[in-house]
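Subject: Structure handover and findings

Dear colleague,

Please find below the structure that I am handing over to you.

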Amino acid sequence: MSIDTDRVLLEFDNLWVHSQRTINAQSIKNSKEASNKISMPYSIYQKWASKLTADASLDKEPSTPDRTLISGASGTLLSGQVTVLTGASGSGKSVLLRILAGLLPMSSGTVRLRNDGKLSSDYYDIHKTAPVLWRQQVALLAQHPQLLDGSVLENLQMPYQLHAHQSQTFDRDWHIAQLEHLDRSADFLQQDAKHLSGGERQLVNTLRLLQFNPKVLLLDEPTAALDIDTSTQLVNLLFNWLHADAQRTLLWVTHDTKDIMPLANRHWHMQAGVLTADS
Ligand SMILES: Nc1ncnc2c1ncn2[C@@H]1O[C@H](COP(=O)(O)OP(=O)(O)OP(=O)(O)O)[C@@H](O)[C@H]1O
């Protein structure tokens with residue numbers, strides 16, 4: 001299948017992100033219009049959109065000076081590959097991931113995702129794609145997962161109530177097969193999410209994302225708070241997912257250069273908002 005590997009799945013070009021000024025009247029108007037069009041986006045999108053409305057003074061200059069968070073970042077994510085992103089705290093790694101996931105507005109630049117569907121364009125453009133559609137394909141796994149009250153099963157099924165996933169069917173057998181890889185029986189589905197350990201919460205959060213088959217998975221230090229065994233299980237889960245389909249890619253932010261770096265195909269580094277790639 002060499003024809004399918006090393007293809008560009010996602011590319012971003014000349015991304016600039018500034019604090020404050022990125023939140024302007026036009027970006028709010030665009031986000032509201034996009035939100036209206038898709039009728040029921042993820043709650044995180046709604047929270048973000050309402051925060052923009054509450055925080056931003058639409059036609060006024062920002063009250064604090066502009067700060068450049070990302071300076072002209074460009075890069076490509078290739079199919080079947082793991083790209084590791086390192087950098088000091090505060091260098092802009094999480095900001096880059098949230099931009100690529102469509103969770104933060106950028107000041108300028110482009111992000112494009114390969115489209116193998118029957119639409120006329122070969123790529124989805126982040127600026128022209130409904131956020132909920134974008135996030136189905138470019139998913140962000142954060143360090144601290146948010147679970148709802150209820151069982152593991154209810155947490156996994158919850159996204160199917162959203163408009164975006166109403167045409168899809170929850171696949172219990174797929175989850176049970178994944179749980180077997182994680183040394184857990186089907187009984188795990190009935191556990192109360194409130195009583196899960198931090199590691200178990202992360203596993204549930206990961207399954208909740210993977211069940212929708214994203215093409216691009218953005219990982220923001222997902223193993224940072226986990227013990228070694230759970231961390232190993234999560235890494236195995238993520239690599240099984242990556243290798244199950246040639247049209248997938250991982251971008252992995254980590255400070256753990258000992259365990260994760262040897263698994264990487266490529267290494268990027270962020271320093272004060274400037275992204276560089278090892279040759
Ligand atoms: N929405 C935002 N608006 C303004 N500034 C932000 C926003 N999000 C992050 N920042 C700032 O951008 C800088 C980079 O933050 P970021 O979270 O990307 O760092 P990081 O490299 O992921 O660090 P760490 O390794 O500690 O997680 C920080 O100074 C942070 O305060």
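Please note that the model is a predicted one.

Helix 3 itself covers residues 93-100 and is mostly covered, with 6 of its 8 residues buried. The buried residues are Lys93, Val95, Leu96, Leu97, Ile99 and Leu100.

Overall composition

The protein contains 8 helices and 10 strands. Of its 279 residues, 48% are buried. The accessible surface comes to about 14200 Å², and carbon and sulfur atoms account for 50% of that area. When contacts between residues at least 6 apart in sequence are considered, 78% of them join residues at least 24 apart.

Helix 7 runs over residues 198-210. At 1.5 Å a residue, its 13 residues should span 18 Å, and the end C-alpha atoms are 18 Å apart, so expectation and model agree. Because 10 of these 13 residues are buried, helix 7 is largely enclosed by the rest of the structure. The buried set consists of Gly199, Glu200, Gln202, Leu203, Val204, Asn205, Thr206, Leu207, Arg208 and Leu210. The elements that cover these residues include strand 6 (138-141), strand 7 (216-220), helix 5 (152-157), helix 6 (172-181) and helix 8 (228-243).

How do helix 7 and helix 8 pack, in terms of angle and axis separation? The angle is about 10 degrees and the axes are 10 Å apart. An angle under 35 degrees counts as roughly parallel, and helix 7 and helix 8 are therefore roughly parallel to each other. On the side of helix 7, the contact involves Gly199, Gln202, Leu203, Thr206, Leu207 and Leu210; on the side of helix 8, these meet Thr230, Gln233, Leu234, Leu237, Leu238 and Trp241. By class, the residues of this contact divide into 7 nonpolar, 5 polar and no charged.

Individual residues

Glutamate 200 is located in helix 7. Its relative accessibility is 16%, and it therefore counts as buried, the limit being under 20%. Apart from neighbours within four places in sequence, glutamate 200 is in contact with Arg184 and Phe188. Glutamate 200 and valine 152 are 48 residues apart in sequence, with a C-alpha to C-alpha distance of 9.8 Å.

Histidine 144 lies in the loop between strand 6 and helix 5. Is histidine 144 buried or exposed? With a relative accessible area of 56%, histidine 144 is exposed.

Threonine 76 belongs to strand 2 (residues 67-78). Its relative accessible area is 25%, which means that threonine 76 is partly exposed. Leaving aside neighbours within four places in sequence, threonine 76 is in contact with Val8, Leu10, Glu11, Arg266 and Trp268. Threonine 76 and arginine 112, 36 residues apart in sequence, are 9.5 Å apart in space, C-alpha to C-alpha.

Yours sincerely

Terms used. Residues numbered from 1 in each chain as written. Predicted model: local features only at pLDDT ≥ 70, side-chain atom pairs only at ≥ 80, totals over all residues. Heavy atoms only, no water. Helix = DSSP H or I, 4+ residues; strand = E, 2+ residues; numbered from the N terminus. Expected span 1.5 Å × (residues − 1). Buried < 20%, exposed > 50% of the residue type's maximum accessible area, 1.4 Å probe, protein only. Contact = heavy atoms within 4.5 Å. Areas by Shrake-Rupley, 256 points an atom, 1.4 Å probe, with all protein chains shown as cover. Axes fitted to C-alpha atoms, helices over the stretch in contact; angles between N-to-C directions. Parallel < 35°, antiparallel > 145°, perpendicular 65-115°, else oblique. Nonpolar A, V, L, I, M, F, W, Y, C, P; charged D, E, K, R; others polar.
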